[in-house]
Amino acid sequence: MRSGEIISFDDIKAGYGRSRILKGLSFSVREGEVFGVIGPNGCGKSTMLNVLTGTLCPSSGRLFYREKEISGLPSYKRCRLGIGRTWQIPRPFTGMTVYDNVLTGAVHGAGESVKQSREKAEKVLKETGLADKSRIPSGELTLLDRKRLELARAMASGPEVLLLDEVAAGLTEAETKEIMALVGGLRERKYTVIWIEHNIETMLKATDRLMCMADGRNVICGDPGEVMGSEIVEELYLGKD
Amino acid sequence: MHRNDPHKGIRTVLYTAVFLLLLAAGLTGFPGNNILRYGFRILLYITIGEMWNLLSGYAGMTSLGQQAFIGLSGYTLAVVTTRYGLPYPLGILLGLLISLAAAFLLSLFLLRIDGMYFAITTWVVAEALGTLFMSMTYVNRGAGMTVTAEPYPRIGRLFVMALLLCSLSLVLAELLLRSGYGLGIMAMRDDPEAAEAAGVNVKLAKRAVYIFAAGVTALAGSLFFLNKGTIYPESGFDIGWTISMVFIVIIGGSGTIEGPVIGAVLYVLLSEYLARYPGWSNMILGAIAILMILFCPRGIVRFSPRPKDHLTKAR
């Protein structure tokens with residue numbers, strides 16, 4: 001791992017049952033950057049996030065966070081280390097209020113007492129535009145608000161690295177603008193962001209570097225303009241002539 | 001769970017007053033033995049209902065084998081008092097310790113199983129324990145055992161013990177659920193994977209809830225058999241215990257502290273009344289439970305219609 005890097009995948013192989021999704025994935029993310037990930041459906045983008053958060057164990061390879069190998073750490077410990085995530089399909093704790101969802105992130109993710117976490121939860125709710133909905137059961141939120149809640153819960157856990165899994169998926173154009181404004185603000189808060197998105201145009205404006213995945217591997221990684229202009233990405237998205 | 005309860009002060013005063021009134025009733029015996037017996041049963045059913053509610057309603061772990069801990073503690077009490085002639089408080093304490101140890105050991109493999117499989121496995125374990133006790137000469141096989149105590153506690157004292165246990169279990173459950181652990185437990189119920197990714201140590205939370213519920217249920221079992229005076233494998237490890245817990249929680253309201261209190265009162269009164277119709281009583285109780293699930297799935301405590309604006313927000 002080089003200095004300035006916060007996360008590093010080293011030849012990671014992983015999958016579900018007998019199907020292998022990641023087939024030797026290697027890449028590194030620098031501290032403070034917004035790192036975009038693109039690739040065709042089924043190339044392993046969400047699987048990569050699952051490996052990073054510990055939801056899925058890799059069959060081989062090594063995973064580093066701040067030079068510490070975390071391949072064997074359980075998911076909750078990775079969250080407490082500073083890796084927060086959102087899910088492609090929002091997964092709020094539907095039996096709890098919006099406030100309690102965020103408070104859970106603050107208490108368990110950041111490892112603080114309920115008393116200490118209240119202020120933080122209220123601050124995050126304000127920042128994400130959910131303050132007036134804090135007493136509503138989270139199962140009754142609209143899709144846009146569920147996406148906001150995902151972000152709020154992850155932010156409340158006090159992460160250094162935020163993993164965004166298709167935050168704009170399923171949203172209307174107007175809603176996408178709203179969520180993008182929120183995501184845009186993450187850079188100012190000094191988070192390192194790993195961001196998967198199908199809506200590439202939306203994401204390109206905010207990323208420092210871009211990685212394109214195909215068939216469970218990193219096929220190209222670098223400046224977003226160069227990656228998008230590369231032949232390999234053109235082939236993957238437009239097909240060969 | 002409301003974290004900032006505006007009526008907290010009033011509720012605390014009200015509950016303390018009820019507790020003191022019941023304590024006075026138990027200590028003086030003024031309501032009479034019959035009423036105290038009803039009260040004793042209600043208090044024990046509130047306790048076990050609350051523990052099942054904690055497991056299933058709050059933590060999402062639907063166990064059908066909580067009778068294992070009632071049987072274990074009941075038998076420990078009988079063995080300690082009858083076979084060794086030791087005082088019954090020691091029997092209650094040992095019953096608690098044995099049940100906690102059993103819950104810990106069971107949790108090592110039970111908590112690797114989820115949902116329906118967890119429910120079935122807990123039931124199978126309890127049945128297996130019942131069968132084991134049925135074949136053990138040490139506990140007189142199917143002939144059962146008696147509980148002895150000198151002097152045998154009167155119903156007033158039993159009532160006070162049940163009141164203390166019930167109050168303690170309610171207070172501890174409330175404190176647990178209002179704490180950070182409570183948040184983790186409820187998050188785990190709704191989505192274990194997302195909860196873990198949000199920093200909740202799901203394995204530890206599951207184990208803690210399972211062992212805590214087992215311990216309190218075991219104490220209730222000890223008191224029940226101390227009052228009854230005899231224990232048989234089919235009464236100690238009877239699935240009927242868990243059925244009553246499920247009924248209490250469904251009727252009262254799952255995932256609320258108050259629900260099992262109302263559910264237990266109704267259950268004891270109904271089962272006492274229906275005892276005069278043997279054969280029909282379980283069918284009637286079952287029919288009531290089904291009707292509640294169909295028409296009032298959130299239980300009596302949450303029967304009031306919800307505001308419309310909440311319903312229209314879902315997309």
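The residues around the second largest cavity of this predicted model divide into seven nonpolar, one polar and no charged, where Ala, Val, Leu, Ile, Met, Phe, Trp, Tyr, Cys and Pro count as nonpolar, Asp, Glu, Lys and Arg as charged, and the others, Gly among them, as polar. This cavity, with a volume of about 50 Å³, is lined by L44(B), Y45(B), I48(B), I70(B), A220(B), G221(B), F224(B) and W241(B).

Because the model is predicted, local features need pLDDT of at least 70 and side-chain atom pairs count only at pLDDT 80 or more, while totals for chains, interfaces and linings use all residues. Residues are numbered from 1 along each chain as its sequence is written, chains are lettered from A and ligands numbered from 1 in the order in which they are written, and side-chain values use heavy atoms, with hydrogens and water left out.

A cavity is a set of points on a 1 Å grid over the protein atoms alone where a 1.4 Å probe fits but cannot get out, a pocket is an open set with protein on both sides within 12 Å along at least five of seven lines, and lining residues have an atom within 4 Å of a point. The structure holds three cavities of 30 Å³ or more.

| Space | Volume | Lining by class |
|---|---|---|
| Largest cavity | about 80 Å³ | six nonpolar, two polar, three charged |
| Second largest pocket | about 860 Å³ | 17 nonpolar, four polar, five charged |

The lining of the largest cavity draws on both chains, including R85(A), W87(A), E150(A), A194(B) and A197(B). Helix α5(A) gives the most to this lining, with three residues.

The second largest pocket has a volume of about 860 Å³, and of the 26 residues that line this pocket, the closest to its centre are Y15(B), T16(B), S167(B), L170(B) and V171(B). Helices α1 (8–28), α2 (33–58), α6 (155–178) and α12 (258–274) of chain B each supply at least two residues of the lining.

On the surface, a nonpolar patch with about 700 Å² of accessible area together includes Y84(B), L90(B) and Y138(B). L90(B) lies in helix α4 (residues 88–110) of chain B, and L90(B) counts as partly exposed because its relative accessibility is 34%, a class that falls between buried (under 20%) and exposed (over 50%) with a 1.4 Å probe and protein chains only.

Conventions. Patch = residues over 30% accessible without salt bridge, like charges linked within 9 Å, V, L, I, M, F, W, Y side chains within 5 Å. Areas by Shrake-Rupley, 256 points an atom, 1.4 Å probe, with all protein chains shown as cover. Salt bridge = Lys/Arg side-chain N within 4 Å of Asp/Glu carboxyl O. Helix = DSSP H or I, 4+ residues; strand = E, 2+ residues; numbered from the N terminus. Points joined across faces, edges and corners; volume = space filled by probe spheres on them.
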